[in-house]
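Q: Could you take me through how to read a few features of a structural model, giving the general idea before each case?

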Amino acid sequence: DAQNAFKVRISIKTALGDNAYAWDANEEYLFKAMVAFAMRRYSSKSTTQISNVLLCNVTDRVSFWFVVTDSSKNVTTVPGSEVEAAIRMNRNRINNAFLLSDKTLQFLKITSTLSPPVDPPTPVWLIVFGVVLCLIVAGIVFLIVSGIQKHKKKNKEPTERENLEEKVEVTLENGIPCEALDLKAGHINGVFAADDDRFTSL
Amino acid sequence: LSATPEAPKEDGRPKWDNKFQYILSCIGFAVGLGNVWRFPYLCQIHGGGAFLIPYFIALLFEGIPLLHLELALGQCLRKGSIGAWNTISPYLGGVGVGSWMVSVLVSLYYNTVLTWVMWYFINSFQEPLPWSVCPLNENRTGFNEECYESTAVNYFWYRKTLNITPDIAESGTFQWWLILCLAACWAIVYLCTIRGIETTGKAIYVTAIFPYLVLTIFLIQGLTLPGATEGLIYLFTPNLNTLKNPRVWLDAATQIFFSLSLAFGGLIAFASYNPTKNDCEKDAVTVALVNSMTSLYASIPVFSVLGFKAKTAYWDCLDRNIINIINEFDLPEESIMRQNYTFWISFLNSSYPEKIAGLKLKSCDLQQFLDQSVSGTGLAFIVFTQAIILMPGSQAWAILFFIMLFSLGLSSMFGNIEGVFTPLLELQIIPKSAPKELLSGIICLISFLIALCFTLGSGSYWIDIFDRYAASVPLLIIAFFEVIGVVYIYKIKRFSEDVEWMTGRKLNLFWQITWRFISPLLLLIVFMAFVILQMQKPPSYTAWNPKYEGFPMKEEKVYPPWVQAICVLLAALPGMCVPLVALFHLVKQRHRSKEPSFVLPEVSSCQGANS
């Protein structure tokens, strides 16, 4: 229980549910092997043996403490910072060996770097927004165009009927043929606006 | 009057394609966001099922009579709000102007709420949902601090959506993503109201019926969720003691009033496009009942989901405690389950009390989680979104939920815009030959530009102000003058003859009594109680301030004086129109006739106008 020891907490049932394996001596052996492997990779000297990793206080939880000893230096423990760095570097391999994750295989003093969330180049919402906006604009344009066409048709109809006074007065009053009026995009037809005053108000 | 040969409309006034369209438009206008996020909340805090008693009393004596009055008025006079009140009496023209003003103010901020709904909608297509995870901080060792201390859902709402400032005086910057969504929302409103009721009448088939479909789907889903029954029992268990509190009656009256969208002028506008021989009495009763039934129907899925959320939070609380205990005592996994948690806790507390105390376990109480009641935007954007994350297939549920909210709000927007559009069309602001599309375009464009203020950092505080002051007191004042104006100036006898002519049967005594005495009295009481309650404490608001000591609780702040002045202005201005316009006409009359004349000008009857 020196400061170079680390507590490990394993939650197999939480991670694997029905496929959970039991924690026994073989699993402990694998753990020792993984820690030794991590030390070897980190310091790239092949001196760490499985016997250098010591486990103690294994509980039913499952949790235990471990230290790494250095056989070359008279059975002293490897400094905690080295062990921490080694574990950090190989965390992924250690997790996968046990089919666990950072949360279910906890090294209590070692924090893990969190993976960044996946960020697509264009945010998804912008794409959806673009689609929605295109639909809306298409709808507006369609309605405006159909409105203009209906207006044009309404303007053309009186010119085709012979028995309406308005038609005669239209051509008489302005001397402008109706087709020329329609060229004003059919919006404002000053002729008909003037006509409205002729009728008595309701 | 000679009918123009080509048009089927006798007086050039557009009309509904069929009766169903008209009823659906009125229902869509009345049924809005408040039915989903205000009524269930009121039911919950005011004693569950017992709240239905004051609610239905208010419906009977205040809601239905006022609704009938407005529909009959619009149908009889065949004009929008300003025109109708000018026709009854120029001195009452202020009522119409006040209605119009309130419709303008409400349209501005209501569409911004729809902007938020749209923002959430377009963000619902991602996996995982953006409000379910906290973003990482700069050096990727942990989560963003603001997010970590509150919740991911809160963070997404206050930071990513609103980018809210800690104080209303700090305006902050424009949020460009909200501006985009606001533009889209106003474009949709323009698309649907482009030719007045010709286009809204078609759009309403979708926007008014779709929410019912989604509510049904949520109902079925909600009832299958664990915890739904607890939520529903909690909602509907009547607690008759609450009826002794006058606040409950006040809330019932105001809820009915605002839920039916009375005094906006929109209902008058809708009814004015009807043929005069139409049974407005039956329409009024139908619309009011459907509105109330919808509120009840909507509260069932809402509370099933809230019950589910409370249950899940309770289970999470238990699980966290269990993990802490297991880790502390190094017990094997799954030795303590939720069922035997209480047994274990009492056992461990007796054997190792110091250790248990050292763990600082939170007490988990399902009732406490159910008690956390929220209404308004908090319900939709915080509580419900959190519940949706927990459901399987959350993207689909989120999309459905936000489309439903959007349709609910959009159909109410149609009524608001109609309340603005129809009077302007009649006042002939633009030349008659100009197409209607131009007027609706101008309205939408100007509203969009003004509503840009709400996309600032402090925007949501301003929307709260508009909601509390512009859409509450003025409506009560206007409705009061509406009833008084029809009953005592237009004279109830003449009005009942008009209604009789329109519906084809004699006016029921019930309407006479309610219009003459009960409704104005109720309105007066409600108005005074409302004002007194508001005056009791200085108007305050709760601000989201990450630097507050009590964070993530919201900080209670008082409005600065200039904001309070704006609140008073918003509340008073539409109401002030009534006396102001009357005064204006009085002065004009005096000036013209050069003799004091208090005789009211000849009031036209609706039968005379349409013979």
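This is a predicted model: local features need pLDDT of at least 70, side-chain atom pairs count only at pLDDT 80 or more; totals for chains, interfaces and linings use all residues.

A: Residues are numbered from 1 along each chain as its sequence is written, chains are lettered from A and ligands numbered from 1 in the order in which they are written, and side-chain values use heavy atoms, leaving out hydrogens and water.

Q: How many helices and strands does chain A have?
A: Helices (H or I, at least four residues) and strands (E, at least two) are DSSP runs, numbered from the N terminus. Chain A has 8 helices and 5 strands, and along the sequence they follow the pattern β-α-α-β-β-β-α-α-β-α-α-α-α. Of its 202 residues, 33% count as buried, where buried means under 20% relative accessible area with a 1.4 Å probe and protein chains only.

Q: How is a pair of packed helices described?
A: Two packed helices are described by the angle between their axes and the distance between the axes. Axes are lines fitted to C-alpha atoms, for helices over the stretch in contact, with angles from 0 to 180 degrees between N-to-C directions. In chain B, the axes of α22 (residues 473–489) and α24 (residues 509–536) come within 10 Å and cross at roughly 160°, which means that α22(B) is roughly antiparallel (over 145 degrees) to α24(B). The contact (heavy atoms within 4.5 Å) includes Phe480(B) and Val483(B) from α22(B), and Phe527(B) and Arg516(B) from α24(B). Its residues divide into 17 nonpolar, no polar and 1 charged, with Ala, Val, Leu, Ile, Met, Phe, Trp, Tyr, Cys and Pro counted as nonpolar, Asp, Glu, Lys and Arg as charged, and the others, Gly among them, as polar.

Q: At what angle do α18(B) and α19(B) cross?
A: The axes of α18 (residues 377–390) and α19 (residues 394–427) of chain B come within 9 Å and cross at roughly 150°, so α18(B) is roughly antiparallel to α19(B). Residues of this contact divide into 10 nonpolar, 2 polar and no charged.

Q: Is Ser150(B) buried or exposed?
A: Ser150(B), in the loop between α7 (145–149) and α8 (152–161) of chain B, is buried, with a relative accessible area of 8%. A polar atom of the Ser150(B) side chain lies 2.9 Å from the backbone oxygen of Glu146(B). Not counting residues up to four places away in sequence, Ser150(B) touches Tyr155(B), Trp544(B), Phe551(B) and Pro552(B).

How values were computed:
Buried means under 20% relative accessible area, exposed over 50%, partly exposed in between (1.4 Å probe, protein chains only). A polar contact is a pair of N or O atoms within 3.5 Å; within protein, one must be able to donate a hydrogen and the other to accept it, and residues adjacent in sequence count only if both atoms are side-chain atoms. Angles under 35 degrees count as roughly parallel, over 145 as roughly antiparallel, 65 to 115 as roughly perpendicular and the rest as oblique.
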